[in-house]
Amino acid sequence: MKIQLKLYGLSKMLSDKEILHIELPNNSNIKKLRNTLNKIISEKYLDSLKNLSKTAAFFSEADEVINDNYKLKDKELISIIPPIGGG
């Protein structure tokens with residue numbers, strides 16, 4: 001199955017496009033997406049994003065925060081929001 005990952009903030013370093021298309025096994029969940037994302041970051045040598053897969057929030061098409069057990073659907077659009085620091 002393929003999902004579409006809409007990139008925000010620092011996650012835009014993963015692609016020159018707003019949406020990253022990711023191939024996942026059928027019946028994958030957000031936890032599997034986090035693991036796959038971690039591999040993509042490692043392969044691209046993006047040290048500044050090394051914690052992204054662990055710390056980012058994911059949102060459904062309905063703009064609801066989704067947890068690691070959320071079952072993904074083929075061609076689903078998911079947004080990734082990296083944590084924002086400040087003070």
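Which helix holds the place of Ser53? Helix H2, residues 52-55. The notes below start from the model and return to this residue.

1. Basis. This is a predicted model, in which local features need pLDDT of at least 70, side-chain atom pairs count only at pLDDT 80 or more, and totals for chains, interfaces and linings use all residues. Residues are numbered from 1 along each chain as its sequence is written, and side-chain values use heavy atoms, with hydrogens and water left out.

2. Fold. The chain has two helices and five strands. Helices (H or I, at least four residues) and strands (E, at least two) are DSSP runs, numbered from the N terminus. Their order along the sequence is β-β-α-α-β-β-β. The radius of gyration is 12 Å, close to the 12 Å that the globule rule gives for 87 residues, so the chain is as compact as a globular protein of that length. That radius is taken over C-alpha atoms; the rule is 2.2 Å times the number of residues to the power 0.38. The C-alpha atoms fill a box of roughly 35 × 30 × 20 Å along the principal axes.

3. Core. Nonpolar side chains tend to be buried together in soluble globular proteins. Here the largest nonpolar core has 22 residues. Such a core is a set of buried Ala, Val, Leu, Ile, Met, Phe, Trp, Tyr and Cys residues joined through side-chain atoms within 4.5 Å. Leu5, Leu14, Ile22, Leu33 and Phe58 have the most contacts inside it. S1 (2-7), S2 (19-23), H1 (30-43) and S5 (77-81) each supply at least two residues. The largest share, five residues, comes from H1.

4. Contact means heavy atoms within 4.5 Å.

5. Ser53. This residue counts as buried, because its relative accessibility is 3%. The classes are: buried under 20% relative accessible area, exposed over 50%, partly exposed in between (1.4 Å probe, protein chains only). Not counting residues up to four places away in sequence, Ser53 touches Arg34, Leu37, Asn38 and Ile41. Across the chain, 38% of the 87 residues count as buried.

6. Positive phi. Most residues other than glycine have a negative phi. Asn27 has a positive one, near 65°. Asn27 lies in the loop between S2 and H1 and counts as exposed at 65% relative accessibility. Asp63 also has a positive phi, about 60°. Its loop runs between S3 (57-59) and S4 (65-66). Asp63 counts as exposed at 63%.
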